[in-house]
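Here's a quick tour for anyone meeting this structure for the first time. Have a look at it, and then we'll go through some of its charged pairs and its core.

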Amino acid sequence: MAPLLAATADPNAKASPTTESSGKAVDWWARAIGGFSLLVSVAFGLWKMRRDRRLSIEDDFWLRKIIAPTSVEPLLKAIVKLLEDLPTSESSEGELAAYAIRVTKELQLHSSSVQTFALLDPKLPGEVLSHLSNCEDVFADHCQALSEKKSSDSSVVRNAVWTSVNNAFLPIRDWQVKR
């Protein structure tokens, strides 16, 4: 047998002191790093679970149960109804005036419900209302053009209104994405 094989096969042979102590040091460091990694992993998991639960409660409860049914859905229904009833060039002066008043009343009614967005962020109602004001301006410009017997393309009005409505809800989407 070769001397190297004989030395490893001998059960009574002892390892050198340097090999034994460096093995214990490496083993201790490996266990410390493993334990630390486990601790960090568990702590991060608990933090993430609590954060996700909090965000889920806010998203589910506040957005889906409070804000959407009281603010978003009624506003969208009102906009759809106003666009369905959009005056044409055949509308009389009285009909145009009545429609303009209806637009103002509808949007004022829904602007007060937009204040519920302050539950999420105090800045949101102001941002949403500024875009809804643009929406009201589009309706008013359309009625004004028709009353002056100028042409006003209803498809352009519809696109401008939906652009304003979409822009009104962008701050809410941005608020959700930032979190």
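## A charged trio

Keep in mind that this is a predicted model. Let's begin with Asp85, which makes a salt bridge with Lys81, where the closest N and O atoms are 3.6 Å apart. Asp85 also pairs up with Arg102 in a salt bridge, at 2.9 Å from N to O. Put together, Lys81, Asp85 and Arg102 form a network of salt bridges.

## Another pair

How many salt bridges turn up in a search of the whole structure? The search finds five. One more to look at joins the side chains of Arg173 and Asp174, at 3.2 Å from N to O. Arg173 is partly exposed, with 47% relative accessibility, and Asp174 is partly exposed too, at 34%.

## The nonpolar core

Now for the greasy part. The largest nonpolar core has 28 residues, and Ile79, Phe117, Phe139 and Val161 have the most contacts inside it. Helices H2 (17-84), H3 (93-113), H4 (124-147) and H5 (154-178) each give two or more residues to this core.

Take Phe139 as an example: leaving aside residues up to four places away in sequence, Phe139 touches Leu82, Leu83, Leu86, Tyr99, Val103 and Val161.

Conventions. Residues are numbered from 1 along each chain as its sequence is written. This is a predicted model: local features need pLDDT of at least 70, side-chain atom pairs count only at pLDDT 80 or more; totals for chains, interfaces and linings use all residues. Side-chain values use heavy atoms; hydrogens and water are left out. A nonpolar core is a set of buried Ala, Val, Leu, Ile, Met, Phe, Trp, Tyr and Cys residues joined through side-chain atoms within 4.5 Å. Buried means under 20% relative accessible area, exposed over 50%, partly exposed in between (1.4 Å probe, protein chains only). Helices (H or I, at least four residues) and strands (E, at least two) are DSSP runs, numbered from the N terminus. Contact means heavy atoms within 4.5 Å. A salt bridge is a side-chain nitrogen of Lys or Arg within 4 Å of a carboxyl oxygen of Asp or Glu.
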